[in-house]
Protein chains: 2
Amino acid sequence: MKILVVEDEPKTGIYLKQGLVEAGFVVDLVENGLDGLHLALTEAHDLAVLDVMLPGIDGWQVLQGIRRAGKDIPVLFLTARDQLEDRVKGFELGADDYLVKPFAFSELLARVRSLLRRGGKAKESEFLRALDLELDLLRRRVTRSGKRIDLTAKEFALLELLLRRQGEVLPRSLIASQVWDMNFDSDTNVIEVAIKRLRIKIDEGFEPKLIRTVRGMGYVLEITD
Amino acid sequence: MKILVVEDEPKTGIYLKQGLVEAGFVVDLVENGLDGLHLALTEAHDLAVLDVMLPGIDGWQVLQGIRRAGKDIPVLFLTARDQLEDRVKGFELGADDYLVKPFAFSELLARVRSLLRRGGKAKESEFLRALDLELDLLRRRVTRSGKRIDLTAKEFALLELLLRRQGEVLPRSLIASQVWDMNFDSDTNVIEVAIKRLRIKIDEGFEPKLIRTVRGMGYVLEITD
DNA sequence: CTTCAACTACCAGAATTTTCATGTCTCTCT
DNA sequence: AGAGAGACATGAAAATTCTGGTAGTTGAAG
């Protein structure tokens, strides 16, 4: 399996290549869009990994070029968190998947494999919703009633868990292991404190309240009118 | 497979039971050492999970009772981080494995399965060493030249990684993914900062220096005389 | 032997997360 | 209904971790 990687930042590019090679792929690495496009058109790759932000022509333009030439290989985009803003809509048109930096290498590998297996179109669902609360997984952003809400990493992870299992009462032990990785201790109240912070941000000033405490059981996010 | 759980704190006990039942085990849960011992002697369990700290007779005494009665079932101990101090040596005598709270439930499950599979004796190696630097995985403590050093969670994780792969140059990308879970960003210097903090704690005031920077490659922990 | 550029180190302020002490609520038992 | 216990909420300090800027080092190129 041969993969084309277009990434201008050498450090990142080298690590990408190294990791993919270790995983058993053949990798062509180039540092700018023009070379990338050229290589994509002259060589036969099974997949392309494109950084969006590239000097000269950007990843998006490279994709256009590839598609215009009639090549239908799956394309995985890499985007920095903030470059993303007004570009997202564009992705609908042609990218097969994207990853927001920073990401774990294992994540990249998983997506690459999934794209190769399924021959493209692996896009994940990008939003989680409950009423007027919306969580944008791609941009890692949250809004309620259209109003943007800034969450920290832990808060986001907690809310994501609650939203993914909407309606289920999640015991503390589950929350602890999911959001805090390690945990099975009882003499701490990190969870309560985190829930409180989250409530202040997503429930305070809004109706109805979405996070409910179930005494003796845990917490649920559910729509109670 | 039937498991005996002896845990006095109801919350923890219930979660343990719940989790183990979900994993397909039959679970007897009791809240004190005496009941635990009684049940262990009258019923046939395949494994026992004992909290060390119990009202009345403690986990250790329960184990003794079980062994005296000639029962040879594997025993997994649960210990709080600080109760551990002067008890550890005792474990050599009869416990098959132990887990320090707080721990991830998945961790417990893994150990339970391993004990059941191998029919006991799954003890992990508990120390990592390099010269006069010693890292005690069980107690999560570090000493250099006998002098105790307090490390934070991240510092510990970083040092553990360096020690486990002693002599290998670890590229930043590897460190980032191992210690920081998510990561593949270049515009951050968390790693440098963490290395610096770690150096201050384990290398400053000692000789030789153990952590070495390999320019352009990463960091190694190695013994250079 | 200089100079430059790329790395790495260092520092301090900011943000996040945890801990701890205390307050409030809810259920149970009388 | 009232007392007590356990569970949860709250607030604020403490600890940890991250960010961004600046300084120092090193190796390569001239």
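In chain B, β11 and β12 (residues 218–221) run antiparallel and are joined by 4 bridges. Two strands count as paired here if DSSP finds at least two bridges between them. Helices and strands are DSSP runs (H or I of at least four residues for helices, E of at least two for strands), numbered from the N terminus.

Before I go on, some housekeeping. This is a predicted model, in which local features need pLDDT of at least 70 and side-chain atom pairs count only at pLDDT 80 or more, while totals for chains, interfaces and linings use all residues. Residues are numbered from 1 along each chain as its sequence is written, chains are lettered from A and ligands numbered from 1 in the order in which they are written, and side-chain values use heavy atoms, with hydrogens and water left out.

Back to that strand pair. B:Arg212 sits opposite B:Val220 of β12(B). The hairpin of β11(B) and β12(B) has 3 residues between the strands, and B:Gly216 takes a positive phi there, near 80°.

On the other pairing, β10(B) and β12(B) are antiparallel and share 2 bridges. In that pair, B:Leu170 faces B:Tyr219 of β12(B). Put together, this is an open antiparallel sheet of 3 strands in chain B, in the order β10-β12-β11. Its edge strands are β10 (170–171) and β11 (211–214) of chain B, each pairing on one side only.

What packs on this sheet? One element is α6(B), which touches β10, β11 and β12 of chain B, with its direction at about 70° to that of β12(B). Another is α8(B), which touches β11 and β12 of chain B and makes about 150° with the direction of β11(B). Contact means heavy atoms within 4.5 Å. Axes are lines fitted to C-alpha atoms, for helices over the stretch in contact, and angles run from 0 to 180 degrees between N-to-C directions.

Now the DNA, starting with strand D. A residue is near a strand if one of its heavy atoms lies within 4 Å of it. There are 20 residues around DNA strand D, and the nearest are A:Arg199, A:Thr213, A:Gly216, A:Tyr219 and B:Thr152. Of the atoms of DNA strand D within 4 Å of the protein, 71% are sugar and phosphate.

Polar contacts are pairs of N or O atoms within 3.5 Å; within protein, one must be able to donate a hydrogen and the other to accept it, and residues adjacent in sequence count only if both atoms are side-chain atoms. The side chain of A:Arg199 has an N or O atom 2.7 Å from a phosphate oxygen of DNA strand D. For B:Thr152, a polar side-chain atom is 2.3 Å from a phosphate oxygen of DNA strand D. B:Asn189 goes to a base instead: a polar side-chain atom lies 3.1 Å from a base oxygen of DNA strand D. Two or more residues of this surface come from each of α8 (190–202) and β11 (211–214) of chain A, and α6 (153–164) and α8 (190–202) of chain B.

By class, the surface near DNA strand D has 7 nonpolar, 6 polar and 7 charged residues. For the classes, Ala, Val, Leu, Ile, Met, Phe, Trp, Tyr, Cys and Pro are nonpolar, Asp, Glu, Lys and Arg are charged, and the others, Gly among them, are polar.

Next, strand C. Which residues come nearest to DNA strand C? Of the 20 around it, they are A:Thr152, A:Arg197, B:Thr213, B:Gly216 and B:Tyr219. Sugar or phosphate makes up 71% of the atoms of DNA strand C within 4 Å of the protein, and bases the rest. A:Arg215 has a polar side-chain atom 3.4 Å from a base oxygen of DNA strand C. The surface near DNA strand C divides into 7 nonpolar, 6 polar and 7 charged residues.

Last, a sheet in chain A. It is open and antiparallel, with 4 strands in the order β6-β7-β8-β9. β6 (127–130) and β9 (147–149) of chain A are at the edges with a single partner strand each, so one side of each has no neighbour in the sheet. Neighbouring strands here are turned by 20° against each other on average, direction ignored. Within the sheet, β7 (residues 133–136) and β8 (residues 141–144) of chain A are joined by 4 bridges, and A:Leu133 stands opposite A:Arg144 of β8(A). α6(A) lies across β6, β7 and β8 of chain A, at about 115° to β7(A).
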